[in-house]
Structures are given as structure tokens and as C-alpha cells.
Amino acid sequence: METVSENACFGGVQGVYSHESDACACDMTFGLFLPAEAKDGPVPVLWYLSGLTCTHENAMVKAGAQSWAAEQGIALVFPDTSPRGEDVADDEAYDLGKGAGFYVNATQDPWKPHFRMWDYVADELPRIITGNFAVDEERQAITGHSMGGHGALTLAMGLPGRFASVSAFAPIVNPTASDWGRKQLTAYLGEDESNWAGHDATLLMRDLGFNGPILTDTGTNDQFIDLLKPEAFAAAVNARRQQATLRLQPGYDHSYFFVSTFMEEHIAFHAEALYAG
């Protein structure tokens, strides 16, 4: 692992690191914020999964998360959204290929050699972080924005017991029924829609639910709200009688102005779950 940069930040350290990834068969880069408490021992961690076109850097710079994480004594992990490199397959469209990994393990060519973002976020990167930094592998929570909100919700339900809480900003919650989803799931996983269900938060909610608190925020002026389908996830939550707070925020759009506005509340929400008991 190589240290790209480390900067003092709200009493802690905001670092950027790169490493050779076995899961993605290429070099990967991630951001990690460690609060001051990490000097004394392992701290709880909140994973932040970013959306389409983003790298590790977008949320790290724009979300305003570090000040609130420092206040709560929580580490933040900012993974990349896809594999990178000259040998990695790509597409001219912004919503497929580099920057659009959708947090799945691709089974179809030309994507399958590198696009294994589920394994990367679920297995490889947690091992690297807990093996090299003062982060508590037992106290984890997860959040994300848009495609990253999709990833946060599907990973939380797909890995029972891993995360104490899950939240999302403007998540894509019903990709099997949306143009933001059907295109990508077909490309990465093939035409057989039975292979898609494990990557649809609405279907996972109906079948599995989540053993913990859920929080989502979506702006009523979100220009992509018809692709996000918050009403589908709400219906599944209600049908399952799942513990969840699902909010529509009047006037907000899909931008990081929206994300940063509600970041304090999301981090406080996760802190309550991470420090419970």
C-alpha cells in the first residue's frame, strides 16, 4: 500500500492511499479519515459509497463529512466507484464502465476481469483497512449517494450482521425497474433477471429486510427522481414493517449541496447505532 497524501483535518488525518487490488486486478485508490481518537485505539467506521462518475475524491472533498465524523469519533472510508487503468474496459456513456461499477461482481465480458466492486468493498478493502489502520472491524455502518446509496443498501441487506446501520442520499432503490439499473445489470450480469435480485434494494427489502435502523433522504427537486424510485422502496419497507426513516426533502436536488446539508444528521444517526450498547 502506498500513501498518496495525508493532511491534518479536524484534529485527525485525511489520507489517500493506493494499492494493488486482487479483486479488481488493477491499482485502486481510497480515502480514509481517521479522527483524533484513532491515536488511542480502534474507532468505529462509516463507509461512504459514491455515485456515478465519482472517484474516492468527490465525497471526501464535497460532502463536509469529516467535521461531523471528528465530533463523533468515527472513521470515514471513501472507496472508488470502479476499477481504473488502461486495461480496464470502459464505455462512452457516463453510466457504464469506469466510474459506474454499480457495486456488483460482473459476470459478462468485457467487464468481468476487473469489475468486481462487490468483492472489493465487501471483502478486500475492509481487510486492508482493518489490517493497517486503527479501525474497529466490529463497529461498522454504511451510507452512500445515488449509485452509492444503491450499493450501501444492497450491501447492508446482502451482508447480514455486518453493519449496525445504513443510510442513503438519493439512492437508486429499484434498479431492476429503472433505466438506471436495467442497462447496467444487463451489461454486467447478463440477460437473466434472476441474477439481478441481489442488487435491488426494493427486492431485498421484500425478501430479507435489515436488522437495524435505516435512513434515506431524497430531494423533491431531484432531477433523477423518476429513476431513483423512492416510492418503490417505501412500499417495500411498509409491507415488511421495517424500522426505517424515509424522508423527502422539499426543494433539494441531486447535488452535493443536498448531501452536505444533511450529512450531520446522517453521521449522528450512525453514531447512535455504532455506540449503542
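Predicted model: local features only at pLDDT ≥ 70, side-chain atom pairs only at ≥ 80, totals over all residues.
## Helices α3 and α4

Two packed helices are described by the angle between their axes and the distance between the axes. For helix α3, which spans residues 117–132, and helix α4, which spans residues 147–158, the axes lie 12 Å apart and the angle is about 60°. That angle makes α3 oblique to α4, since the range counted as roughly perpendicular begins at 65 degrees and the one counted as roughly parallel ends under 35. The crossing of these two helices, α3 and α4, is right-handed.

On the α3 side, the contact is made by Trp118, Val121 and Ala122, while α4 contributes Thr154, Leu155 and Gly158. Sorted by class, the residues in this contact of α3 with α4 are four nonpolar and two polar, with no charged residue among them.

## Helices α2 and α9

A second pair is formed by helix α2, made of residues 65–72, and helix α9, made of residues 256–274, whose axes come within 9 Å of each other and cross at roughly 30°. The two helices, α2 and α9, are therefore roughly parallel to each other, and their crossing is right-handed.

In this contact, Ala65, Trp68, Ala69 and Gln72 of α2 meet Met263, Glu264, Ile267, Ala268 and Ala271 of α9. The residues of the contact of α2 with α9 fall into seven nonpolar, one polar and one charged.

Strand β8, residues 214–219, is mostly covered, and six of its six residues are buried. Both of its faces are covered, with Ile214, Thr216 and Thr218 buried on one side of β8 and Leu215, Asp217 and Gly219 buried on the other.

Strand β8 pairs with strand β7, residues 166–169, in the parallel sense over four bridges, and in this pairing Phe169 has Asp217 of β8 as its bridge partner. Strand β8 also pairs with strand β9, residues 245–249, again in the parallel sense but over five bridges, and here the bridge partner of Thr218 is Leu248 in β9.

## The loop between β4 and α1

Ser50 has its place in the loop between β4 (43–49) and α1 (57–62). With a relative accessible area of 1%, Ser50 counts as buried, because that value is under the 20% limit. When its neighbours within four places in sequence are left aside, Ser50 is in contact with Thr55, Ala59, Thr81, Tyr103, His145, Met147, Gly148 and Tyr256.

Thr53 is also found in the loop between β4 and α1. Although Thr53 is not a glycine, it has a positive phi, of about 75°.

## The loop between β5 and α3

Phe102 lies in the loop between β5 and α3, and its phi is near 55°, a positive value in a residue other than glycine. Phe102 is buried, with a relative accessible area of 1%.

Pro110 is located in the loop between β5 (75–78) and α3 as well. The peptide bond that joins Asp109 and Pro110 is cis, with an omega of about 0°.

Technical notes:
Residues numbered from 1 in each chain as written. Heavy atoms only, no water. Axes fitted to C-alpha atoms, helices over the stretch in contact; angles between N-to-C directions. Parallel < 35°, antiparallel > 145°, perpendicular 65-115°, else oblique. Left-handed = near helix turned anticlockwise from the far one by under 90°. Contact = heavy atoms within 4.5 Å. Nonpolar A, V, L, I, M, F, W, Y, C, P; charged D, E, K, R; others polar. Buried < 20%, exposed > 50% of the residue type's maximum accessible area, 1.4 Å probe, protein only. Pairing = 2+ DSSP bridges.
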